[in-house]
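Hi,

Here is the structure I said I would pass on.

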Amino acid sequence: MREFWIIFKQAFVTKAKTKSFVITSAVMIAAIFLFANVSKIIDVVQNVTGGDSEETLQVIDTSGVLVDKLNEQFNVNEKAITVELSDKTEQELMKKVEEEKIDSFLTLALDDSNTIQANYTTMSATDFSLPSKIQDALQTIQTEMKAEELSLSGEQVQTLFLPIQFEQNNISPSAKSENELNQARVLVYVLMFVIYFAVILYSSMIATEVATEKSSRVMEILISSVSPVKHMFAKVLGIGSLGLAQIALYGIAGFIAMKTAATEIPGGFSDFFSFSDINKVTLLYAIVFFLLGYFLYATLAALLGSLVSRTEDVQQMIMPMTMLIVVAFILAASGLGNPELGYLQITSFIPFFAPLVMFLRVGMLDLPVWEPLLSIAIMLVTIFLLGWFGARVYRGGVLMYGPSRSLKDIKKAIQLGKE
Amino acid sequence: MTLVLEHVTKRFGDFTAVDDLTLSVGEGTMYGFLGANGAGKTTTFRMILGLLNANEGKITWNNKRITYATSPEIGYLPEERGLYPKMKVEDQLVFLGELRGMKKADAKSELKKWLERMEISHYATKKVEELSKGNQQKIQVIASLIHNPRLLILDEPFSGLDPVNVEMLKNAILDFRNQGATIVFSSHRMDHVEELCEQLSIIHKGKQIVSGTLRDVKRSFGKQNIRIHSDNDLSQLDSISGVTSVQKAIEGAVYQVESEHIAEALLAEALKSGPIRHFAIEEPSLQDIFIEKVGKEHA
């Protein structure tokens, strides 16, 4: 066991001390803080550049009454917008817009049935907020005008717009309430991404590490002191712990960032950190499925890494494995909208897809407990088998040199491992 | 503490990498392993280290099979550089020392001593890849010695070193032997083996074609070298019966002869064409033996 911990420590500490690891972690943490404070930053930037400063809208009004009403509306709701009646013709204003002397202008008219006809002219394709504000204001004006025409009181108008009471009840035993589901969807989506990236990142790290040790021939010394099997598992565990530590670091950074951020992030992100009971269970499953997914793929990666003798060949060798994770992710992502699809149920019991697909299902649906447990058991058995098989390949693989870059070499490696 | 290989054979499929190898290396002795590339040296070392199992025969160290439990007693220097390129010299040596059963503190103090002895103390905090090839090799040697092994396996320890450093390493290894370590060492530099090893084997295509003590090997070879320096033309000597090969040099020639009494005939013939400046009967060098046994193309 002593050698095991030495290798474990070495895999963990040496990697954690590398510049690339430190820089990646620092950049990620900075990004998390930046993201948490993004709306505050945008506010500050807008204050500096004056993006939200007063706007003056040139208006041509053929009805003669609308411009004052619009002004009144904006005085109540949008103080930053000033409406100015223009004495120029439409053509003149059009020219001004083309010459970019003014941003936009509005023409207002009333038709025969006293309905407002508005025409907003602009050069900018990304001008969304002002026209929608104008539209809202005009809509209110029109409603008031029509109400007056029909001699309806304020309350009568309000009753017209009263929303109906609509509630959706899903009585399927596996479904969560709509509210829960929306909350879960964000959390599951985020965690799915974390699992996906972490599994790809750390398992290819393993393969690269093993290939580096082989190409630098330090492997010969290592496996003359420690059995290859011990070495393999120490390596897998070492990098795995490193991965967990890094994710935990990001998690803590994210938590602090959210708590200290002055602004609330819209959407589910504040719910994300409210740690309701559902979230706790989902987080727990996320950790479990990350670990299982990691060990599943890391064992495979170590096996594949032991077959190549140059680090340049690693990516090519682990390509089929990477494809498996990508397929798992696509499957899981396709189920975000509808986690009850039939093929998801099947694939959530297939070892290489289970870490993502079963996590999706368990996060989004109220599954009977045996389903995730069965899936976990299947994965554990697969990890065990893969570990056993991997160890056999690894034993020979690490001694094999030469241009080996195909899966056919697995047979050769097992043969050599036996000898 | 003796290393014994008895009738060891290793096959990879149809290919026989090592064929019926027998040798015994006693405590405080150094055993030379000579062979061209691909002769089976590394395979033999891997079997001694327990990385490969022999198909036939057995390998024992101190009458026991070598397992991972014995690994603290064994030091191994692989033929090619076996170090982490991006790890610091110090960390690396401590790590490898710990792997061979050392305590961290001991590893640290030992590595300090060794770095001083090899005159590379100032590289302790450098990454291995920043060092020159020769200095990397010194680190590699320290890595194989740091835990004070009783059995030392050195695969081409002197490759890539300048003569000064070769001398430094030779002394370190000789000290080790004098302290009673058992050393197996491979090389294709005949002069190193001739200088350091009491016993040796020449391996060719997995077969042990010559083995024994240096003296026995030379004696049983039979042939000797006659060196003659002369300013006159000596070409008539080439055709004397008993001369197996001639090597012309600037000052004269070296004649390989089947037995010593042909020397007289050579001398008499040489004097016929005028005075000679040098005449000597020399022992065959390992180089001669190797070339004769293995073939010129592998020398």
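Predicted model: local features only at pLDDT ≥ 70, side-chain atom pairs only at ≥ 80, totals over all residues.

In chain A, four strands make an open sheet, and their order across it is S2-S1-S3-S4, with mixed pairing. The edges are taken by S2 (81–85) and S4 (116–122) of chain A; each has a single partner strand, so one side of each is left without a neighbour in the sheet. From one strand to the next, the twist averages 30°.

Helix H4 of chain A (residues 66–77) packs on it and touches S1, S2, S3 (104–110) and S4 of chain A, with a direction about 165° from that of S2(A). Helix H6 of chain A (residues 129–149) lies across S1, S2, S3 and S4 of chain A, and runs at about 170° to S4(A).

Now for chain B. An unreviewed UniProt entry lists residues 3–230 of this chain as "domain: ABC transporter". In the model, that span is 34% helix and 29% strand, and its end C-alpha atoms are 49 Å apart.

Where do the chains meet? Chain A puts 16 residues into the contact and chain B puts in 21 residues. On the chain A side, helix H1 (2–17) and helix H9 (218–225) each supply at least two residues. H9(A) gives the most to that side, with six residues. By type, the chain A side divides into six nonpolar, six polar and four charged residues.

Last, the cores. The largest nonpolar core has 143 residues, and A:Ile195, A:Leu356 and B:Ile153 have the most contacts inside it. Helix H8 of chain A (residues 178–215) provides the largest share of this core, 15 residues. Leaving aside residues up to four places away in sequence, A:Ile195 touches A:Ala286, A:Phe289, A:Phe290, A:Gly293, A:Pro355, A:Leu356 and A:Phe359.

There is also a second, separate core of eleven residues, and A:Leu57, A:Leu70, A:Val83 and A:Leu108 are among them.

Cheers

Key. Residues numbered from 1 in each chain as written. Chains lettered and ligands numbered in written order. Pairing = 2+ DSSP bridges. Axes fitted to C-alpha atoms, helices over the stretch in contact; angles between N-to-C directions. Contact = placed C-beta atoms within 7 Å. UniProt positions renumbered as here; feature names shortened; annotations may be inferred. Nonpolar A, V, L, I, M, F, W, Y, C, P; charged D, E, K, R; others polar. Core = buried A, V, L, I, M, F, W, Y, C linked by C-beta atoms within 7 Å. Buried ≥ 20, exposed ≤ 12 C-beta atoms within 10 Å, placed from the backbone.
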